[in-house]
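Subject: Structure for you to look at

Hello,

Here is the structure I promised. Please open it and keep it beside this note while you read.

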Amino acid sequence: MSTESKKTPNQAAESFRAISVSTPVNLSNIRIILFEPREPGNIGSVARVVKGMGLSQLFLVNPVPYQNEDAAFRMAHGARDVLNNCHVVPELKDALVDIKYLVGTTHRRRDARLPSPVTAREAANTIASVSQDQSVGLLFGREDFGLSTDQLSLCQLIASVPMATKNPSLNLAQAVQIFAYEVFVASLAEHSPVEIDYADVNTLEEFYERVIRLLDKVGVVPYNQDWETYLKSLRRVFSRAPLEERDIATLDMIFSTAYRHIVRLEQQLEDST
């Protein structure tokens with residue numbers, strides 16, 4: 001039997017690759033999230049990207065049915081295991097469980113109230129640093145609309161791929177490939193863990209909801225009673241200084257105590273009448 005025939009599948013794959021590199025361990029902390037993908041072929045292609053770039057977490061939020069679509073499995077060539085084991089969830093918040101740092105992607109100019117986008121390469125360096133010991137989500141929108149302003153306002157960082165022309169825009173799978181490659185390359189360098197222990201994205205959203213509940217209780221009325229727009233502004237204010245878990249606990253004590261105090265006063269007033 002020849003030496004080649006004795007090689008294990010992994011050894012054979014190593015000898016096939018033109019440039020052999022070890023997979024950075026931080027990649028296991030990075031989650032690719034597709035919001036409402038509409039094309040089964042794109043879902044399969046992204047699964048292939050995820051595996052090829054050393055990632056392992058793929059979450060699909062309310063995707064088009066793809067499980068029995070030939071296009072999905074054909075485009076996932078070599079990565080059907082990723083496709084078969086990806087997480088399908090009904091809502092975006094379900095895909096953000098345990099995520100500490102969320103990066104949203106876009107190719108269009110957005111609401112001025114949102115942070116200015118950085119390049120995919122700049123974002124990749126941040127992702128590589130944060131993911132050393134914290135979970136990072138990389139969020140992509142549906143093929144026809146991308147991410148909404150509301151969805152982007154959830155993100156600590158917004159990133160885009162610089163292009164020479166306005167059109168044609170990148171296909172979803174192409175965009176994921178570029179970001180995943182940049183993250184992979186950035187992760188090959190040494191990164192010290194960031195000193196900030198970011199609060200979970202969902203924890204932040206629950207905190208903002210409690211703040212708005214208190215504001216509504218004391219009679220604050222946003223312009224046109226548009227609480228959603230006010231919430232974007234609230235996120236922008238707090239995002240200027242990254243919030244840690246302990247920061248949320250400190251602020252929550254203030255807002256929650258004030259809310260409970262108002263409720264008690266209202267109950268005492270009601271009992272006395």
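Start with a pair of helices: H2 passes H8 in a right-handed crossing. A crossing is right-handed if the near helix is turned clockwise from the far one by less than a right angle, and left-handed if anticlockwise. H2 covers residues 40-52, and H8 covers residues 172-188. Helices (H or I, at least four residues) and strands (E, at least two) are DSSP runs, numbered from the N terminus. The contact is made by Asn-42, Ser-45, Val-46 and Val-49 of H2. On the H8 side are Leu-172, Ala-173, Val-176, Gln-177 and Ala-180. Contact means heavy atoms within 4.5 Å. By class, this contact has six nonpolar, three polar and no charged residues. Ala, Val, Leu, Ile, Met, Phe, Trp, Tyr, Cys and Pro count as nonpolar, Asp, Glu, Lys and Arg as charged, and the others, Gly among them, as polar.

The axes of H2 and H8 come within 9 Å and cross at roughly 15 degrees. Axes are lines fitted to C-alpha atoms, for helices over the stretch in contact, and angles run from 0 to 180 degrees between N-to-C directions. The two helices are therefore roughly parallel. The cut-offs are under 35 degrees for roughly parallel, over 145 for roughly antiparallel, 65 to 115 for roughly perpendicular, and oblique for the rest.

A word on the source. This is a predicted model, where local features need pLDDT of at least 70, side-chain atom pairs count only at pLDDT 80 or more, and totals for chains, interfaces and linings use all residues. Residues are numbered from 1 along each chain as its sequence is written, and side-chain values use heavy atoms, with hydrogens and water left out.

Now the whole protein. It has eleven helices and seven strands. Its C-alpha trace spans about 95 × 40 × 40 Å along the principal axes. Of the 273 residues, 42% are buried. Buried means under 20% relative accessible area, exposed over 50%, partly exposed in between (1.4 Å probe, protein chains only).

Next, the cores. A nonpolar core is a set of buried Ala, Val, Leu, Ile, Met, Phe, Trp, Tyr and Cys residues joined through side-chain atoms within 4.5 Å. The largest has 45 residues, and Ile-32, Leu-34, Leu-58, Val-103 and Phe-140 touch the most other members. Helix H8 gives the largest share of this core, nine residues. Apart from it lies another core of 18 residues, including Val-61 and Leu-139.

Helix H6 (residues 120-130) has buried residues too, among them Ala-123, Ile-127 and Val-130. The buried residues of H6 pack against E1, E4, E5, E6, E7 and H8.

Asn-26 sits in the loop between helix H1 (9-16) and strand E1 (30-35). Is Asn-26 buried or exposed? Asn-26 is buried, because its relative accessible area is 3%. Leaving aside neighbours within four places in sequence, Asn-26 is in contact with Ala-128, Ser-131, Gln-132 and Ser-187. Gln-174 lies in helix H8. At 43% relative accessibility, Gln-174 is partly exposed.

Best wishes
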